[in-house]
Amino acid sequence: MKKEARILGGLFGVACGDALGGTLEFLSKREGKEEYGYLKEIVGGGVWNLKPGEVTDDTMMTIAVACGILQNPKDPLKNIGENFIDWYDGNPKDVGNTVKLAMEGYKRYNSWKKAATYAHKQLDGHTAGNGTLMRCIPAALYYDDLKKIIKVSREQSMLTHYDEKAAEACELYNTIVYRYMNGEEKMKVIEEETTKYQDYEDITSTAKIELNPSGYVVDTLQCALWCFINNGNSEDVICEAVNLYGDPDTIGAIAGGLAGVYYGINDIPERWREKILVKDKLKEIAKKMQEKAIKKDSL
Ligand SMILES: [Mg+2]
């Protein structure tokens, strides 16, 4: 499979999981099932009153990270931060608590380090949310050096979330994505990488009932990995992820990114892809990432 199919797959996997799961955000399983059954179609609505195909913070912050990397591949942090502020200033519907506090902290102190510690203090040290994992995939889609991928994945996490658990989750997730970008086999990669981390080492033997689909980054990544491991195509992975409820758009986005890279863009249902309102932006990013990749190879 060509790299561009995996880059597009990763970006559209995030967006489709986000747009599908956004409908169910903040609904209880009982409420959601009554209204939507087992949700398989991107229909919008929900508490955010989304248009069909409208995405939320998960995809918009992923775009911010991707654009920051493309603007300055060598040292993208400053650009990523500026893109976060631009997005936040546009008054988005859905902003996570930690991100919101970090944005306010940045405006107050003009320093990301101070912004992240400000959020950490305000939340009594509870900043291991999934808000940095949901947006980290562009680092693994763009760079071809694992050390650089890990560095950027962790640094973009620390911009807003002063917590090692969040940075560690980004590192594991993007290491797996990197290996899929290089065509490695699904379960070999999962087994080799998850056993390096205590929080994820039992994921291949975990039962569905043991999952806790919360916004805590460890819970979220366990759910996303589980859905990916236990399903054989992008549609089933994403549907299973959002129908866990809890934090459906983010779990869907994270599981979707993984599945999209592994199975490629053509495996993501066309009826979903066509609905994504930011589809042209995602295609433009993938094209630019691919062009730069070609240049890097020829150096
Ligand atoms: Mg969201």
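**Chat about a predicted model**

Biologist: Starting with Cys67, is it buried or exposed?
Modeller: Cys67 counts as buried, since its relative accessibility is 17%, where buried means under 20% relative accessible area, exposed means over 50%, and partly exposed lies in between, using a 1.4 Å probe and protein chains only.

Biologist: What kind of model is this?
Modeller: It is a predicted model, in which local features need pLDDT of at least 70 and side-chain atom pairs count only at pLDDT 80 or more, while totals for chains, interfaces and linings use all residues. Residues are numbered from 1 along each chain as its sequence is written, and side-chain values use heavy atoms, with hydrogens and water left out.

Biologist: How many disulfides are there?
Modeller: The count comes to zero disulfides, taking a disulfide as a pair of cysteine sulfur atoms within 2.5 Å. Cys67 is in no disulfide, and the nearest cysteine sulfur to it, that of Cys136, is 16 Å away.

Biologist: Switching topic, what holds the magnesium ion?
Modeller: The magnesium ion is coordinated by Thr56 through OG1 and by Asp57, Asp58, Asp94 and Asp249 through OD atoms, at 2.0 to 2.4 Å. Donors here are N, O and S atoms within 2.8 Å of the metal (3.2 Å for Na, K and Ca), and water is not among the atoms, so sites may look incomplete.

Biologist: How are those donors spaced in sequence?
Modeller: The donor residues of the magnesium ion follow the spacing T-D-D-x35-D-x154-D, and of these Asp57 and Asp58 are both buried.

Biologist: How do helix 3 and helix 4 pack?
Modeller: Helix 3 (residues 57-71) and helix 4 (residues 77-89) pack at about 145°, with axes 8 Å apart. Helices (H or I, at least four residues) and strands (E, at least two) are DSSP runs numbered from the N terminus, and axes are lines fitted to C-alpha atoms, for helices over the stretch in contact, with angles from 0 to 180 degrees between N-to-C directions.

Biologist: Which residues make that contact?
Modeller: On helix 3 they include Asp57, Met61 and Cys67, and on helix 4 they include Ile80, Phe84 and Trp87, with contact meaning heavy atoms within 4.5 Å.

Biologist: What does Val99 touch?
Modeller: Leaving aside neighbours within four places in sequence, Val99 is in contact with Met61, Trp87, Arg135, Thr160 and His161. Val99 is found in helix 5 (residues 97-109) and is buried, with a relative accessible area of 3%.

Biologist: Where do they sit, and is each one buried or exposed?
Modeller: Asp124 is in the loop between helix 6 (112-122) and helix 7 (137-142), and at 66% relative accessibility Asp124 counts as exposed. Tyr245 is in the loop between helix 12 (234-242) and helix 13 (248-263), and Tyr245 is buried, with a relative accessible area of 3%.
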